[in-house]
Amino acid sequence: MSDQGRSDSGRNETPLERADRNFTELLQELRVTQTGVQILFAFLLTLAFTPRFPSLDTMQRATYVTTLLVVVDVAASRTGAIAAAAGTLLVCGGLWGLLPRAVARAGERSGEVRSADAEGGKGSSGLT
């Protein structure tokens with residue numbers, strides 16, 4: 001009934017094998033998401049060119065513009081398109097650039113705590 005040689009997840013895999021499996025699963029999810037985004041994009045792209053689009057109120061247009069920046073120039077104005085694109089660039093840049101760094105720093109901090117506990121020896125509570 002010993003759990004030696006097993007990882008925390010109950011699978012008998014090395015950390016590198018787990019990373020490979022997680023990466024493969026992430027790529028598969030990305031493929032599925034890409035198809036959904038393409039279908040949504042095609043649907044939303046056609047909405048601005050329907051006869052009913054000019055009758056939308058401000059809230060409905062704002063929702064549409066937020067959902068699809070590709071046709072902002074047609075739906076709103078050139079100034080609105082530039083402002084929306086700049087805002088989207090800032091948000092996406094923050095999510096792609098700053099968020100991963102913040103998560104990595106948090107992981108490093110928790111890794112330092114774990115390695116300090118591991119150096120304390122077996123049976124140690126980790127308290128100093």
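## Surface patch, salt-bridge network and aromatic pair

Val91, Leu95, Trp96, Leu99 and Val103 together make a nonpolar surface patch of about 570 Å². Among these residues, Val91 is found in helix α4, which covers residues 78-119, and Val91 counts as exposed because its relative accessible area is 52%, where the cut-off for exposed is over 50%. The model described here is a predicted one.

In its overall organisation, the protein has 4 helices and 0 strands, and from the N terminus on its elements run α-α-α-α. Of the 128 residues of the protein, 11% count as buried, while the exposed surface comes to about 10700 Å², with carbon and sulfur atoms supplying 62% of that area. Among contacts in the protein with a separation of 6 or more, 17% are accounted for by residues 24 or more positions apart.

Charged side chains form another part of the picture. Side chains of opposite charge can pair when their charged atoms come close. A search of the whole structure finds 3 salt bridges, and Glu13, Arg18, Arg21 and Glu25 are linked in a network of such bridges. The pairs are listed below with the distance between nitrogen and oxygen.

| Salt bridge | N to O distance |
|---|---|
| Glu13 and Arg18 | 3.7 Å |
| Glu13 and Arg21 | 2.7 Å |
| Glu25 and Arg21 | 3.5 Å |

Glu13 is found in the segment before α1, the helix of residues 15-47, and Glu13 counts as buried because its relative accessibility is 14%, which falls under the 20% cut-off. The side chain of Glu13 also makes a polar contact with the side chain of Arg21, at 2.7 Å. Glu25 and Arg21 both lie in helix α1, 4 residues apart, which is about one turn of the helix, and Glu25 counts as partly exposed at 40% relative accessibility.

Turning to the aromatic residues, the count comes to 1 aromatic pair. The ring centres of Phe53 and Tyr64 lie 5.2 Å apart and their planes stand at 65°, so the pair is edge-to-face, the cut-off for that class being over 60 degrees. This pair links distant parts of the chain, with Phe53 in the loop between α1 and α2 and Tyr64 in helix α2 (58-67), 11 residues apart. Both Phe53 and Tyr64 are buried.

Methods
Residues numbered from 1 in each chain as written. Predicted model: local features only at pLDDT ≥ 70, side-chain atom pairs only at ≥ 80, totals over all residues. Heavy atoms only, no water. Patch = residues over 30% accessible without salt bridge, like charges linked within 9 Å, V, L, I, M, F, W, Y side chains within 5 Å. Areas by Shrake-Rupley, 256 points an atom, 1.4 Å probe, with all protein chains shown as cover. Salt bridge = Lys/Arg side-chain N within 4 Å of Asp/Glu carboxyl O. Helix = DSSP H or I, 4+ residues; strand = E, 2+ residues; numbered from the N terminus. Buried < 20%, exposed > 50% of the residue type's maximum accessible area, 1.4 Å probe, protein only. Polar contact = N/O pair within 3.5 Å; in protein donor to acceptor, adjacent residues only side chain to side chain. Phe/Tyr/Trp six-rings, centres within 6.5 Å; stacked < 30°, edge-to-face > 60°. Contact = heavy atoms within 4.5 Å.
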